[in-house]
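Here are some short notes for a first look. Please read them beside the model.

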Amino acid sequence: MITVALADAVTTLPRAPGLAYEPKFDGHRLVVVRTVEDVVLQARSGRIVTAAFPDLAAAARQLPAGTVLDGEVVVWHEGRTDFALVQRRAAATAARAAVLAQSLPASYAAFDVLELAGLDLRARPYERRRALLVDLLLPLGPPLQPVPMTTDPELAETWYETLPASGIEGLVVKRLDQPYPAGRRGWRKLRHTNVRDAAVVGYTGSPRRPVALVLVLPVGDETPLVSSPLSAALRAEVAAAVAGATGERVTTGTTEATVTAIGLGEVPFRPLDPPLTAEVRHTSARHPPPEVLRLRTDL
């Protein structure tokens with residue numbers, strides 16, 4: 001299993017000499033491993049998801065043996081990345097995946113190269129790894145592409161303000177002299193202020209058909225909030241987590257608590273212990289309920 005680097009959230013754009021800025025694509029984290037024999041696609045969790053993305057696996061066979069890339073798999077739709085379509089691709093059976101690869105082709109936004117032709121590059125500075133990544137992928141072209149990068153904070157700020165229309169959710173900031181921080185939060189991420197991670201302490205509805213999530217946001221007085229209704233894809237994902245698909249989640253299986261929901265009064269819900277983590281869009285208690293964008297359980 002390849003252990004990936006992580007990022008700490010920041011609220012303002014870091015500005016200092018020696019920093020690099022990359023757009024943060026709205027997709028699923030994916031490690032591409034080109035072995036001597038074939039290609040393996042690994043989720044951040046370590047799960048092998050090669051069968052879900054046969055188009056990317058086929059493209060990655062052009063890479064030299066002994067190459068490992070880190071990046072995001074995205075699906076473009078009507079000029080922007082669409083996270084719901086990435087989820088659809090990721091959840092497909094092997095037979096269905098071949099069909100979806102034609103109608104919803106995936107792209108790979110690579111932001112690091114960890115090994116190249118069998119040589120481990122993780123101890124080398126990011127600036128050098130970046131140069132090798134660009135040299136490797138530019139001749140190949142889509143669907144394997146290096147993410148854009150700049151060392152100009154003014155251009156990075158322009159990206160931050162303008163690229164959300166294309167589905168870009170923020171920026172990732174790295175030091176040019178930094179080795180690859182495997183398993184550590186050595187990078188920084190700046191996301192738009194109304195998007196944040198929340199603890200999922202429960203859900204409404206039944207275990208097989210959850211309706212909404214009960215959330216505790218990382219700001220405020222830790223009062224639980226009820227999310228807006230879940231999409232069909234999220235309902236299925238939450239149901240799988242509740243059913244113990246990860247082998248770690250425990251649910252009481254009975255309604256044991258209530259929470260006050262805006263406009264609904266007291267709402268019964270089923271607690272989760274330990275909690276899940278979800279990425280949500282929310283402004284304040286005076287606005288509509290939080291919108292769940294995704295679970296942070298990875299693929």
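1. A term to begin with: contact means heavy atoms within 4.5 Å. Keep in mind that this is a predicted model.

2. Start with Asp70. This residue lies in strand β5, which covers residues 67-77. Is Asp70 buried or exposed? Asp70 counts as buried because its relative accessibility is 0%; the cut-off for buried is under 20%.

3. Look next at what surrounds Asp70. Leaving aside residues up to four places away in sequence, Asp70 touches Val4, Arg29, Leu30, Val31, Tyr108, Ala110, Phe111, Asp112, Tyr180 and Trp187. With Tyr180 there is also a polar contact, side chain to side chain, at 2.7 Å.

4. His28, Leu30, Val32 and Arg34 point one way from β3. Arg29, Val31 and Val33 point the other way. Both sets are buried.

5. Now the pairing with β5. Strands β3 and β5 run antiparallel and are joined by 7 bridges. Val33, for one, has Val68 in β5 as its bridge partner.

6. Strand β3 also pairs with strand β4, residues 39-43. How many bridges join β3 to β4? There are 5, and these strands run antiparallel. Arg34 has Val39 of β4 as its bridge partner. The two strands, β3 and β4, form a hairpin, with 4 residues between them.

Terms used. Residues numbered from 1 in each chain as written. Predicted model: local features only at pLDDT ≥ 70, side-chain atom pairs only at ≥ 80, totals over all residues. Heavy atoms only, no water. Buried < 20%, exposed > 50% of the residue type's maximum accessible area, 1.4 Å probe, protein only. Polar contact = N/O pair within 3.5 Å; in protein donor to acceptor, adjacent residues only side chain to side chain. Pairing = 2+ DSSP bridges.
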